[in-house]
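Open the model in your viewer and keep the selection panel at hand. We will go stop by stop.

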Amino acid sequence: MAARQPYIDSDTSDEAVRATCDDATICKRFASSKSYWKDPYIQYFVRSVGERKAPEINRGYYARVQGVNHLLDAFLRKTQCDCQVINLGAGLDTTFWRLKDENLMPRKFFEVDFPTVVARKIHNIKTKPPLSKPLIETHSTDSLLLDAHSLDSDRYCIIGADLRDISSLDEKLKKFQLNPELPTLLLSECVLVYMTPSQSSNVVHWAAETFPTAMFVNYEQVNMSDRFGQVMIENLQRRQCNLAGVEACQSLDTQRERFLKTGWEQSDALDMMTVYSMLPQDDVARIERLEFLDERELLQQLLQHYSICWATKDKLKLGLSQLAF
């Protein structure tokens, strides 16, 4: 049984969730500065490398970034980039710029997050030429829309919206030329867990109903009913951060079931320890030489409490169910 959630004021909780965006960006900034992976763009969202992060945290982020990128890139190659990507709760993510550099750009890349997060990201893009130049290079028409809470170009779009308000989300995406008939990859990283089970089910169901050919990739906590999971929940609660959707994070089965119950044809899930063991082992050996890890057991515990779950629908019969590790 998950611990009973104490009541937390919803505005306070939303603010705490927004702060997790900074946590993730700061951790990614530090790990990439240590050469776990290359990200030349994250420095424009977080200036300072910040204080040292423990090696197990850096390896955890490495597994997360490489695991999510593996499925995303496989989808882009399978569809020959004739598709669209929607990053739900994208925060200060830099994937758009990576895909441009690697010639793996989808037809259009959408990002959605709280309006306050979006406003910060748009400000950074406007004021940092290394961010704005690639965006302008991929934009051919005259009308580049830019206001405080949205940015829309030919290939990249950022929208300020609340994922708990599905009709408004749907309306905003369609206003910016979302095409439901195109193969679509939806991505969420530690986003659904902050919504109630009914709210996250609504998002997942909306995606299944809207896109006949699609893949949904979800990275978040798993195995949360054991002692280690309870400590994770308590640590977040101390920061006023309520894991409202933790019941879907009890096991790999509950992660898969969320998709199978809401209209997805096929779903699979792996914990991050398994993903870590399936990543290219020459690169894993390289990153393991970067820093000495004192307690491998702690890394294993951490990775066993996060997972990647992915689900597919394949009206166009592209073979999306074959995408895996």
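Start with E189. Leaving aside neighbours within four places in sequence, E189 is in contact with K28, R64, V68 and Y219. Show side chains: those of E189 and R64 make a polar contact at 2.7 Å. Keep in mind that this is a predicted model. Now colour by secondary structure; E189 belongs to strand 6 (residues 184–189). Is E189 buried or exposed? E189 counts as buried, because its relative accessibility is 13% and the cut-off for buried is under 20%.

Zoom in on G89. Look in the loop between strand 1 (84–88) and helix 3 (95–101). G89 is partly exposed, at 23% relative accessible area. Not counting residues up to four places away in sequence, G89 touches V112, D113, L163 and V191.

Move on to the largest cavity, with a volume of about 30 Å³. Select its lining: A90, G91, E111, V112, D113, V117, V118, K121 and I158. Strand 2 (108–113) and helix 4 (115–127) are the elements giving two or more residues to this lining. By class, the lining has 5 nonpolar, 1 polar and 3 charged residues.

Last stop: the second largest pocket, about 200 Å³ of space. Select residues from its lining, including P197, S200, E247, R258 and K261. Helix 7 (197–210) and helix 9 (252–260) each supply at least two lining residues. The lining divides into 2 nonpolar, 4 polar and 4 charged.

Definitions and conventions:
Residues numbered from 1 in each chain as written. Predicted model: local features only at pLDDT ≥ 70, side-chain atom pairs only at ≥ 80, totals over all residues. Heavy atoms only, no water. 1 Å grid on protein atoms, 1.4 Å probe; cavity = no way out; pocket = protein on both sides within 12 Å on 5 of 7 lines; lining within 4 Å. Points joined across faces, edges and corners; volume = space filled by probe spheres on them. Helix = DSSP H or I, 4+ residues; strand = E, 2+ residues; numbered from the N terminus. Nonpolar A, V, L, I, M, F, W, Y, C, P; charged D, E, K, R; others polar. Buried < 20%, exposed > 50% of the residue type's maximum accessible area, 1.4 Å probe, protein only. Contact = heavy atoms within 4.5 Å. Polar contact = N/O pair within 3.5 Å; in protein donor to acceptor, adjacent residues only side chain to side chain.
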